[in-house]
Amino acid sequence: MNHADLRSATLQHLEFSLGKDLPHAHVYDLRMALSLAVRDRIITPWFESTRQSYARRAKRVYYLSMEFLIGRLLEDAIVNLGLMEEARAVTESCGFDFHEVLADEPDAALGNGGLGRLAACFLDSMSTLGCPGHGYGIRYEHGLFQQRFDDGEQVEEPEEWLRQKHAWEFERPEASFHIGFGGEVVGRNGSRLWEPAEFVLAKAHDTPIIGWRGRWANTLRLWGSEAVRGFDLAAFNRGDYMGATAAEALARTISRVLYPDDTSEAGRELRLRQEFFFTSASIRDILRRFRGEHEDLAALSSKVAIQLNDTHPAVAGPELVRLLHDEHGMEFDLAEETARNTLGYTNHTLMPEALERWPEGLMARLLPRHMEIIARIDENHARAHPGRNARVLADGQVNMGELSFIMAHKVNGVSALHTDLVKSTVFADLHRLHPDRIVNQTNGVTPRRWIVAANPALRRLVGETIGPRWVADLERLTELEPHVADAGFMVAYAEAKAVNKGALARWLRETQGVSVDPQAMFDIQIKRIHEYKRQHMNILETIALWNAMREAPNAEWTPRVKIFGGKAAPGYVLAKEIIRLINDVARVVNADPATRDRLQIVYPPNYNVSMAERLIPAADLSEQISTAGKEASGTGNMKFAMNGALTIGTLDGANVEIRERVGAENFFLFGMTAEEVVARRQVPDHARQAIAASPRLQQALDQIAAGVFSDGDRDRYAGLLGNLRDHDFFVVCSDFDAYWESQRRVDAAYRDREGWMRAAALNTARSGWFSSDRTIRGYMAEIWEVPALI
């Protein structure tokens with residue numbers, strides 16, 4: 001498609017879809033018109049992909065996830081269709097700035113962190129590889145939340161991404177299902193049947209996901225919750241205006257917010273309702289599609305692969321059994337076997353407390369038939385394995401991790417280390433009983449989003465150096481390695497990094513009012529805020545560095561800009577304390593005339609995909625400092641490495657594999673191993689011992705306690721300090737000195753700019769294995785048994 005054709009299509013949509021002519025159009029109008037014109041180019045391959053799937057009676061993949069952090073879709077579609085220059089020319093010929101038009105699109109508020117971004121990368125790769133499939137999730141009206149800071153504290157406000165029309169979705173009213181809750185189970189003709197007390201309507205909204213070069217497109221189907229009977233006119237006419245809309249408001253609650261605060265009983269119930277709502281609608285939709293082509297439901301697993309992204313859709317097992325047995329008359333044991341052969345489960349956590357558990361009473365009240373089926377599944381497993389220790393039902397709880405494992409034919413970890421630890425820790429007993437069930441599929445990220453779109457300077461350099469084929473075959477990045485010895489290539493590589501750092505510096509000045517030196521090291525940690533990710537260790541080391549700079553002002557200090565990004569769950573008090581501490585320390589350090597030319601701290605609020613696309617290409621140092629044995633994989637670590645940031649990190653998650661591939665000499669390793677962490681926790685007063693042995697850490701903690709960073713308020717961080725001194729489960733204090741020493745090695749390495757850039761270029765050249773295309777090929781071969789159709 002050439003510029004003239006795309007311009008004509010854009011102007012036609014501007015006039016006939018938006019009702020505007022060009023002289024009166026605003027940025028929103030042109031962005032929507034361009035989006036609709038680009039979307040039109042997706043429809044043909046989308047329809048053709050569906051036709052091919054049906055014509056070839058192909059096995060399909062259905063990926064169930066509570067999150068799909070897809071970000072902005074216009075640039076994604078332009079990149080994958082190869083229309084970047086044409087789209088730029090159209091916007092400029094219409095009198096608009098191309099980047100302003102792209103930036104006008106709100107991020108789709110459909111996720112929080114790595115889980116959702118991984119799901120989005122997987123959809124991109126499935127379409128690129130021609131793997132027929134659907135993503136299934138919830139169409140959240142307000143997402144997680146929009147973050148702002150008030151006196152350094154996180155304040156949550158609703159996301160309003162759907163206040164504007166969403167250009168990419170198609171509403172499918174014909175694909176709607178009544179989803180039940182509560183009620184009772186009755187016996188009828190020898191069968192147990194569920195009679196729900198209430199229903200909501202799950203309504204489908206489809207977004208086409210186009211692959212590289214537009215050769216294949218799959219579907220992301222998101223469910224919105226509506227009332228079966230929305231508006232009560234009789235109540236309205238009686239003057240009960242609130243009551244007239246009560247049913248509608250209650251139903252919409254299910255799809256309003258991602259991860260509602262579950263510290264209350266009502267919040268826990270809403271979470272379970274959300275999980276069953278989207279899982280049930282998805283399973284029903286899958287069976288509807290299967291029965292449209294095939295008659296024998298016992299053959300389901302030969303045509304359908306359902307992947308559960310973490311335990312949120314774990315109720316898929318009992319729901320699929322219920323539908324097969326109760327509604328389609330399949331014998332129970334066969335229904336259980338059929339469901340198991342169809343389901344796969346991806347584990348994303350090594351923390352037992354993070355594997356979902358629901359009170360048996362709540363499950364029995366909200367999903368009474370499913371509670372019966374879960375008990376029978378557990379009994380069947382116990383009968384088949386009388387020596388087992390793991391149970392689905394234990395201590396009044398329904399253990400969704402164990403349920404997911406038992407009801408899946410394959411369970412996968414997401415990095416080599418994580419998979420080994422899954423076998424030896426959280427699912428050790430089940431692995432003993434099912435030694436062939438757990439497999440590894442190390443995570444990956446899509447280069448279309450994280451290099452081609454996010455880093456045009458690097459994209460151009462790589463393309464000019466090794467040609468264009470690397471975009472669909474990222475391991476070709478190894479062809480860059482011989483060029484690292486070429487001075488001209490290295491000058492160009494350094495210039496690409498400088499362009500990105502300059503752009504970030506301008507953005508920080510314009511949006512945060514902070515002026516930073518692009519020559520300084522950009523040291524970045526962007527993750528959801530959690531104790532195990534140890535943002536508090538980062539800020540403690542920053543305080544120690546500030547102290548050292550003040551004590552030795554004439555020493556050779558490497559200038560740094562410390563950049564943080566991430567949100568804390570609304571009910572996670574300690575994580576919110578960490579956020580406030582970072583902002584408090586930033587306020588003091590940034591105002592210090594003695595150090596502010598060498599040390600600055602920036603925490604832009606409301607971290608999202610679009611912000612990540614600014615930060616990652618500009619990073620010099622990637623902070624991957626989680627407690628060893630706690631991070632399942634990470635994907636940010638991969639994005640940073642691809643874009644030429646060196647990693648400082650522990651032997652945790654995919655850090656292990658990144659270090660192996662980029663070279664130990666190009667990775668700043670510190671900290672205890674997973675085994676050493678476990679042993680350290682057994683030492684009485686291990687945290688206080690570590691503090692006593694570290695004057696730097698002691699000084700930083702004492703300053704926080706004295707109110708140095710909190711305007712004299714000595715109580716503000718009492719909870720955080722008490723946790724570190726008396727508990728410190730994530731061994732921040734015990735790893736602190738090793739982290740400090742590793743950071744000083746970073747300082748020395750950065751002062752050798754040529755050596756640093758060489759290591760950065762080698763990170764790019766050696767990180768191609770971490771493509772999500774490679775990951776999806778692994779799933780297709782080892783879990784789903786699905787061939788590519790292109």
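Biologist: Where is R57 placed in the chain?
Modeller: This is a predicted model, where local features need pLDDT of at least 70, side-chain atom pairs count only at pLDDT 80 or more, and totals for chains, interfaces and linings use all residues. Residues are numbered from 1 along each chain as its sequence is written, and side-chain values use heavy atoms, with hydrogens and water left out. Helices (H or I, at least four residues) and strands (E, at least two) are DSSP runs, numbered from the N terminus. R57 sits in the loop between α2 (27–55) and β1 (60–64).

Biologist: Is R57 buried, partly exposed or exposed?
Modeller: Buried means under 20% relative accessible area, exposed over 50%, partly exposed in between (1.4 Å probe, protein chains only). R57 has 42% relative accessibility, so the residue counts as partly exposed.

Biologist: What is phi of R57?
Modeller: R57 is a residue other than glycine.

Biologist: How are α22 and α23 oriented to each other?
Modeller: Axes are lines fitted to C-alpha atoms, for helices over the stretch in contact, and angles run from 0 to 180 degrees between N-to-C directions. The axes of α22 (residues 535–551) and α23 (residues 573–590) come within 10 Å and cross at roughly 20°. Angles under 35 degrees count as roughly parallel, over 145 as roughly antiparallel, 65 to 115 as roughly perpendicular and the rest as oblique. So α22 is roughly parallel to α23.

Biologist: Which residues of α22 and α23 make the contact?
Modeller: Contact means heavy atoms within 4.5 Å. From α23 come I578, L581, I582, V585, V588 and V589. From α22 come Q535, H536, I539, I543 and W546.

Biologist: How many residues of the contact of α22 with α23 are nonpolar?
Modeller: Ala, Val, Leu, Ile, Met, Phe, Trp, Tyr, Cys and Pro count as nonpolar, Asp, Glu, Lys and Arg as charged, and the others, Gly among them, as polar. Two residues are polar and none is charged. The nonpolar ones number nine.

Biologist: What is the radius of gyration of the chain?
Modeller: The value is taken over C-alpha atoms, and the globule rule is 2.2 Å times the number of residues to the power 0.38. With 790 residues, a compact globule would have a value near 28 Å. The chain agrees with that, at 27 Å.
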